[in-house]
Amino acid sequence: MNEYGVVLFHTTSSAMRAEKTLLRQGLTIKMIPTPREFSSDCGLALRFDWSQLAAVSEGLTAANVEIAGVHPWG
Amino acid sequence: MIYLDHAATSWPKPPAVIRAMADFCDHAGGNPGRSGHRLSLAAARIVYDARELLAELFGVPDPLRVIFTANATHAINLALRGLLRPGDRVVTTGIEHNAVMRPLRALEAQGVRLSVIPCAADGTLDLHEASAVITRDTRLVVMNHASNVSGTILPAAAVARLAHAAGAWFLLDAAQTAGVLPIDIQALGIDLLAFTGHKGLQGPPGIGGLAIGDSVDTALIEPLVRGGTGSRSEFEIQPEDCPDKFESGTPNGVGIAGLRAGVRWLLDHGVEAIRDHEFELTRTLHEGISNIPGVTVYGPQDAARRTATVSFTAAGRSVSEIGLRLDDEFDVLCRVGLHCAPAAHRSLGTFPGGTVRLAAGAMTTLDEIQAALAAVGHVVQS
């Protein structure tokens, strides 16, 4: 089981929107430089506990945050 | 000192605005969206939060469609030059600032067809005249929400309806009204809203924006400037994502931090409350100047149809002499001349001599208005 997941974005603005949305939900997340193994449009990625994948996905969908992808990581 | 030049820029700023700018430099000095370290993140959070606050203030459904620009002029240029192509027809009014007229005249020289709705001598717009000019081949209608010369408030919602009935976009220049009048882009039918940060929004100079409604496909807007955005860095083609498509280069983070604090200040105080305060100032100022013998006041009589900007001339006195004496002898600061708006002055009948403009703002007190009125009375009668 992976420890973490990362959410990738097209823009910094979307990354900031995601961070604000998920922090408001009380989830434990951290903004990190996008790991180099992922080809991403935005230099910032959102790291979360993989066990919280469902909550993260639901939160971002509900807030209409545009993302470039979600991947298991670490 | 009595500062009555709020139509040029508001002063003083709320202390929170100045603190926010210093805090940005001290604690969020990174480049937003360029790096992943904590200072870059702190800056990016402030920039994003400012977008959300502006979206809240103007009723913009998607905060990512709040594009930061240097000022309202830059935002108007982005909208006009981004959307209009040779052969398109654009309509404006006879009471516009050069921020609108100069880009339009340049576009006209490139083959855009320009029509102007004439305005009355008090700067008001007749909707029948407007509907006759806004024909079905119109691509865009651009109008200021209020004149920076006469303070005349133009009927944004009604003109937006005419534009939409003709299949055109409606671009509102809110340089004089953002933070002064309630503006909800959905309620008023505004497709594109150009605003500046340093007037009614109480922020610093050098920051403004263009809010784009969901009714405009941003793929149709050509960016004015292309370059680094911190996103899609592997490509040498400009990204299409908002706001990055229109925000190349390092943003004015300090300015955005100040603007964010200004908008917070506004939302805390309430635009309606500020409008009520300025309404009282306007009524006193307008009535007081109108009662001075030998003075002609421009714009509507009804204070409800104007902002706190009042222009006048005095028989036998040049406006520059009045302005200089108000400053030198009475510590009253105003702006005289053509106010970058020759078209407006032509409509008002004050071209090329210009007017003396007294413009109150959120920070102005009734006592200051009374003192300024006494000063004007003294200057024009002695």
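**Entry 1: chain A, strand S1**

I began at A:Tyr4, which stands opposite A:Trp73 in strand S4 of chain A. A:Tyr4 also stands opposite A:Asp49, this one in S3(A). I note here that I am working on a predicted model.

Next I looked up the pairings of S1(A). S1(A) and S4(A), residues 69-73, pair in the antiparallel sense over 5 bridges. To S3(A), residues 44-49, S1(A) is joined by 4 bridges, and these two strands also run antiparallel. Further along I found A:Val7, whose bridge partner in S3(A) is A:Leu46.

How many of the 5 residues of S1(A) are buried? I got 4 of the 5, so the strand, residues 4-8, is largely enclosed by the rest of the structure.

**Entry 2: the sheet of chain A**

**Entry 3: where the chains touch**

I checked the contact between the chains. On the chain B side I have 17 residues, in contact with 13 residues of chain A. I sorted the chain B side by class: 6 nonpolar, 5 polar and 6 charged residues.

**Entry 4: the domains of chain B**

Chain B is divided into domain 1 (2-10 + 270-381) and domain 2 (15-269). I find their C-alpha centres 27 Å apart. The contact between them takes 32 residues from domain 1 and 32 residues from domain 2.

Which elements supply the domain 1 side of this contact? Helix H9 (271-290), S10, helix H11 (342-348) and strand S13 (355-359) of chain B each supply at least two residues. H9(B) gives the largest share, 6 residues. By class, I count 13 nonpolar, 13 polar and 6 charged residues on the domain 1 side.

**Entry 5: the nonpolar core**

I looked up the largest nonpolar core and found 144 residues in it. Those with the most contacts inside it are B:Ala79, B:Val141, B:Val159, B:Phe170, B:Leu193 and B:Ala194. The largest share, 11 residues, comes from helix H2 (residues 38-58) of chain B. Domain 1 and domain 2 of chain B both give residues to this core, so it lies between them. As a general point, nonpolar side chains tend to be buried together in soluble globular proteins.

I followed up B:Ala194. Leaving out residues up to four places away in sequence, B:Ala194 touches B:Ala72, B:Ala75, B:Ile76, B:Ala79, B:Leu171, B:Asp173, B:Ala174 and B:Leu210.

**Entry 6: strand S6 of chain B**

B:Leu171 and B:Asp173 took me to S6(B). 5 of the 5 residues of this strand, 169-173, are buried, so it is largely enclosed by the rest of the structure.

Which residues point which way from S6(B)? B:Trp169, B:Leu171 and B:Asp173 point one way, and B:Phe170 and B:Leu172 the other way. Both sets are buried.

S6(B) runs parallel to strand S5 (residues 138-144) of chain B, joined by 5 bridges. I noted one pair: B:Asn144 has B:Asp173 as its bridge partner in S6(B).

**Entry 7: an open sheet in chain B**

I moved on to an open sheet of 4 strands in chain B. Its order is S9-S10-S13-S12, with antiparallel pairing. S9 (295-297) and S12 (335-337) are the edge strands, each pairing on one side only. The twist averages 30 degrees from one strand to the next.

I looked at S9(B) and S10(B), residues 309-314, which pair in the antiparallel sense over 3 bridges. B:Thr296 has B:Thr313 as its bridge partner in S10(B).

**Entry 8: B:Gly349**

Last, I looked up B:Gly349, which lies in the loop between H11 and S13 of chain B. Is B:Gly349 buried or exposed? I find 11 C-beta neighbours inside 10 Å, and the cut-off for exposed is 12 or fewer. B:Gly349 therefore counts as exposed.

I also took a distance to B:Gly123. B:Gly349 and B:Gly123 are 226 residues apart in sequence, and 10.0 Å apart in space, C-alpha to C-alpha.

Methods. Residues numbered from 1 in each chain as written. Chains lettered and ligands numbered in written order. Predicted model: local features only at pLDDT ≥ 70, side-chain atom pairs only at ≥ 80, totals over all residues. Core = buried A, V, L, I, M, F, W, Y, C linked by C-beta atoms within 7 Å. Buried ≥ 20, exposed ≤ 12 C-beta atoms within 10 Å, placed from the backbone. Domains from an automatic or database assignment. Contact = placed C-beta atoms within 7 Å. Nonpolar A, V, L, I, M, F, W, Y, C, P; charged D, E, K, R; others polar. Pairing = 2+ DSSP bridges. Axes fitted to C-alpha atoms, helices over the stretch in contact; angles between N-to-C directions.
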